[in-house]
Amino acid sequence: MKNPYLPIPMRVKKATIETTDRMLRTLELSFLNEEDGKNFSFVPGQFCELSILGKGEAPFGIASSPTENGSLRFTINKAGLVTTALHQIEEGSEIGIRGPLGNGYPIELFKGKNVLVIGGGFAFTTLRSLIVYLLHPENRPKVKGITVIYGARMPGLLLYKEELATWQKRRDLNLVVTVDWGDMDWKGKVGLVPNVLEEVAPSSKDTYAVICGPPIMIKFTFPKLMALRFPYDRIFTSLERRMKCGIGKCGRCNIGHLYVCKDGPVFSYAELEKLPKDY
Amino acid sequence: MKLRLEKKDFRSFLQGLIETYDLFAPVQLVEGVSVFRKIDRPEEVDLTHPNPQKPAKDLFFPQSEVMLRYEKAGEQTSVIPVDEVKRERVLFGARPCDIEAISTLEKVFVGKEYTDVYFLEKRKKTTIIGLGCNHPLSTCFCSSAGGDPFLRAGSDLFFIDLGEAYFVELLTEKGMAFQKNPFLKEANPKDLVLVKELEEKAFEKVGFSIPIGGIEKRLDLMAESAFWDRVHEGCIGCRICTYLCPTCHCFDIVDEGDSQRGQRVRNWDSCLSPLYSLETSGHNPRPTGRERTRQRLMHKFNYFPKSFNQVACVGCGRCILYCPIHFDIRKAILWTSSKRPKAF
């Protein structure tokens, strides 16, 4: 029987510092054994437990899309013991992963609909996975309009800047990038995500909203989505909790009877409404 | 199949078990403190304690358990899986509440999607010999939690202490392996009468009823009740109830070692600890005793039933018996019902 606690070995192919505060680092990982790579299939919104033996494990959303073959990408915020070790690890080093875990975004529902993606801060990682997936030539015709609103505190804290620049040029994607405070060089939008959403005012007709960001952003964005008349069951968000096992055994990440690791991390607002406010 | 084991043959019977199996049974560490341990000599087994402090879950889900080892040789780090359970095991002398709890844990650890191999392997390789509970304590309420002091479910063999002998039932295929055991003789018709008497006496002790039936529905309406503001005041968050609970199964995973060699270990954890849900950012979804006590009780009587159609409590009463400030889970249950006590 397969032991779900044993990590799959991977190698750090490339490491990039994403932001000017040097707190966000992206690791590009390749499978050590080809077989593991073949067996690894996931959807945007799923996550993995990354581990450095001797330091520990922590959960991270997958930032790459299933359409980008051969490697996995994770963007890591330096915060504690494991994430600090993940910031120090050198290219070429070995790393363990367990996954893919969790449910992922309900891509099937998006067929023939508009998709509104709202992201804030470094929670943009799994949203990047979703956007890259939807923009893939095979998938793009399956959905109608795509609107992306992405905000960071400062221009230097925006993730995946090169990619954002190419997305800006696309005509089949309406990308709005905003920052809380601009700087001398910033020519884009300045404003908080909820306010920018109000301004952009995408139609809720035939539209699914996917929102991911810090709790404070989510708190103020939900009412704006309500005002735009998005039904509860067409708003999806991805939650984060302290996790250990990632497979619904260790008991840590429950909200009511649901486990964020196994029943989530993606929940609709309709589902969250029914749960105790334990998050 | 109904059999009988004379007390004078008891040690020889245990010796036989030790030769074929890894035997685990209650052992008295110091006076009044009893735990399940691996037995090397029959005389170590001590059944005088009404129910060992540490439940039998320890044998399937140990307090600390190595999940994997790793070693670095040159540039290559290799993960070394832990050893398999080599010998078949026998758990002897667990009371029906503990055995019922093992089935409860099995629901969590053996899932459709993911199976906890560490638990499953130990479970598969263990024959369970239950022991009838002749003397339930004042803190016991198994009969309210869907069990009873002589519940056979989950046991492969079942022992009842008749005084000068044990009444022995072989209940499953694993149990039938003992059919040819030289020390097990045919039961007397008199034994059955005695068993009935013992059962009735024990049932009387736990004959009261704590209203656990329907508690899931009642708690559905109480998620934000003022009840939680009060109930947590009776808890100092020492977490002993969760560690000694036979159905509590939360664990933490930590790495021990350095970059050269070490191990990944899981340890029992408790939802009553503030650190349990504290995130690195400083945010804690369960910031006070109110949320944590609610989590403990709701998990047992509301969340768990939603997932598995049963409460995560077997009524063993350990959380009541060993609570340093006498928090009584039965009172909390009563509070959710119409039999609400005046004060908590």
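This is a predicted model: local features need pLDDT of at least 70, side-chain atom pairs count only at pLDDT 80 or more; totals for chains, interfaces and linings use all residues.
A residue counts as buried here if 20 or more other C-beta atoms lie within 10 Å of its own.

Helix α3 of chain B covers residues 117-124, and its buried residues are V117(B), Y118(B), F119(B), K122(B) and R123(B). What do the buried residues of α3(B) pack against? Their partners, also in chain B, are β4 (64-73), α2 (96-109) and β7 (126-131).

Two of those partners, β4 and α2, turn up again when we step back to the domains of chain B: they are the elements that give two or more residues to the side of domain 1 that touches domain 2. The domain assignment places domain 1 of chain B at 2-205 and domain 2 at 215-335, with C-alpha centres 25 Å apart. Where they meet, 34 residues of domain 1 of chain B are in contact with 28 residues of domain 2 of chain B. On the domain 1 side, β4(B) gives the most, with nine residues. That side divides into 16 nonpolar, nine polar and nine charged residues.

Now for chain A. Here, too, there are two domains, domain 1 (8-101) and domain 2 (107-238), and their C-alpha centres lie 24 Å apart. Domain 1 of chain A brings 18 residues to the contact, and domain 2 of chain A brings 14. By class, the domain 1 side has six nonpolar, nine polar and three charged residues.

Finally, let's bring the chains together. Between them, 30 residues of chain A are in contact with 38 residues of chain B. The chain A side consists of 12 nonpolar, nine polar and nine charged residues.

Conventions:
Residues are numbered from 1 along each chain as its sequence is written. Chains are lettered from A and ligands numbered from 1 in the order in which they are written. Two residues are in contact if their C-beta atoms, placed from the backbone, lie within 7 Å. Ala, Val, Leu, Ile, Met, Phe, Trp, Tyr, Cys and Pro count as nonpolar, Asp, Glu, Lys and Arg as charged, and the others, Gly among them, as polar. Domain bounds come from an automatic or database domain assignment. A residue is buried if 20 or more other C-beta atoms lie within 10 Å of its own, exposed if 12 or fewer, and partly exposed in between; C-beta atoms are placed from the backbone. Helices (H or I, at least four residues) and strands (E, at least two) are DSSP runs, numbered from the N terminus.
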